[in-house]
Amino acid sequence: MGIFDLLSGKEDLRKGGSDCQFNGYLEDYFDSLEEGPVKEVLGALFAKDNSLKIIVKLYLGVSKNSISNAIIRYKDIFKFENKAMAIPYIVYGKKDGKEKALILVDDDYIYAKGLYYSLTEPASAFQEVKNDCVALDFSNKELILDVYDALFYKRAGQIQRDIDKRYFADYDSSFAKALALSKDIGDSCLEGAANADDKEEYIRSCVAKWFLIKKFVYVQYMVDKDILASRHEGNVKQQRNKAKENADAIRFTSVSDMWRYRSYQKG
């Protein structure tokens, strides 16, 4: 089954489903958007192809059978079961007999890559179509439009690597950015939980972000063949140990601490 059919099968709230908030033609969703970068980009994609479809807030669970998830060992993420994470937007379509998709986030690019790795990991139904989608954030409209066109005649893996190079000089710079993102969440999460209108959703969001950062730094390191050759002389076990060390360096605040802090503040 291709990526178009896999995504089309996700049932949204309108149909009584719980897979996502919306799944249908981009034309039917577009008018509900507020003015801003998201609407601008989606409008430009629609102008390219008015048959495009979109999934909004596709929920994902975290597989306990995934090797990388077992190594990362971030247990809090499993407390949210099938709604541990949500992909903000997936735009998908068909052209010339090919099915392609864009994972899009209105946040940092690292989260987009983490979501891509989570959606397409070996335990997922999307693993077989991982070469039919690319992950991006909304910060560069022209890049997104170029990438969508390129998806239909270039290898997705090469496109994604080219995108990586736009954001990071190398893995080390991406790891430094990941550490900074993690620290930013940690610096604000307790006060955020204390003042959130929906504390469960706020805490879930923090946990999801920490997991995606961990997923990114681990998998990004493991798929880098240059790192395997230059830093580990082809020794995959050494590479895996270092990737785990990097994931462990992403510090987090526990769910229980975030819940208790708000209870204390309100008390």
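Mentor: A definition comes first: angles run from 0 to 180 degrees between N-to-C directions, with axes fitted to C-alpha atoms. Keep in mind that this is a predicted model.

Take helix α5. It lies across β2 (53-60), β3, β4 and β5. Against β5, α5 runs at about 155°.

Now the sheet itself. It is open and has five strands, in the order β1-β2-β3-β4-β5. The pairing is mixed. In general, strands of a sheet pair through backbone hydrogen bonds, either parallel or antiparallel. β1 (22-25) and β5 (133-137) stand at the edges. Each has a single partner strand, so one side of each lacks a neighbour in the sheet. On average, neighbouring strands are turned by 25° against each other, direction ignored.

Look at one pair in detail. β3 (residues 85-95) and β4 (residues 98-105) are antiparallel partners, joined over seven bridges. Tyr-89 stands opposite Leu-104 in β4.

Back to α5, which spans residues 109-119. Its axis comes within 8 Å of the axis of α9 (residues 199-222). The two axes cross at roughly 75°. An angle of 65 to 115 degrees counts as roughly perpendicular, and α5 and α9 are therefore roughly perpendicular to each other.

Which residues of α5 and α9 make the contact? From α5 come Ile-110, Tyr-111, Lys-113, Gly-114, Leu-115, Tyr-117 and Ser-118. From α9 come Lys-209, Phe-211, Leu-212, Ile-213, Lys-215, Phe-216, Val-219 and Gln-220. By class, the contact residues are nine nonpolar, three polar and three charged.

Next, the partner helix. α9 has 24 residues. From first C-alpha to last, α9 reaches 35 Å, close to the 34 Å expected at 1.5 Å a residue. Is α9 largely enclosed or left open by the rest of the structure? 17 of its 24 residues are buried, so α9 is largely enclosed.

Asn-69 sits in helix α4 (residues 67-72). Asn-69 counts as buried, at 3% relative accessibility. Beyond its neighbours within four places in sequence, Asn-69 is in contact with Val-62, Ser-63, Glu-121, Phe-211 and Lys-215. Phe-211 and Lys-215 of α9 also belong to the contact with α5.

The other is Gln-239, in helix α11 (residues 236-248). Gln-239 is buried too, with a relative accessible area of 2%. Not counting residues up to four places away in sequence, Gln-239 touches Tyr-221, Met-222, Asp-224, Ile-227, Leu-228 and His-232.

Notes:
Residues numbered from 1 in each chain as written. Predicted model: local features only at pLDDT ≥ 70, side-chain atom pairs only at ≥ 80, totals over all residues. Heavy atoms only, no water. Helix = DSSP H or I, 4+ residues; strand = E, 2+ residues; numbered from the N terminus. Parallel < 35°, antiparallel > 145°, perpendicular 65-115°, else oblique. Contact = heavy atoms within 4.5 Å. Nonpolar A, V, L, I, M, F, W, Y, C, P; charged D, E, K, R; others polar. Pairing = 2+ DSSP bridges. Expected span 1.5 Å × (residues − 1). Buried < 20%, exposed > 50% of the residue type's maximum accessible area, 1.4 Å probe, protein only.
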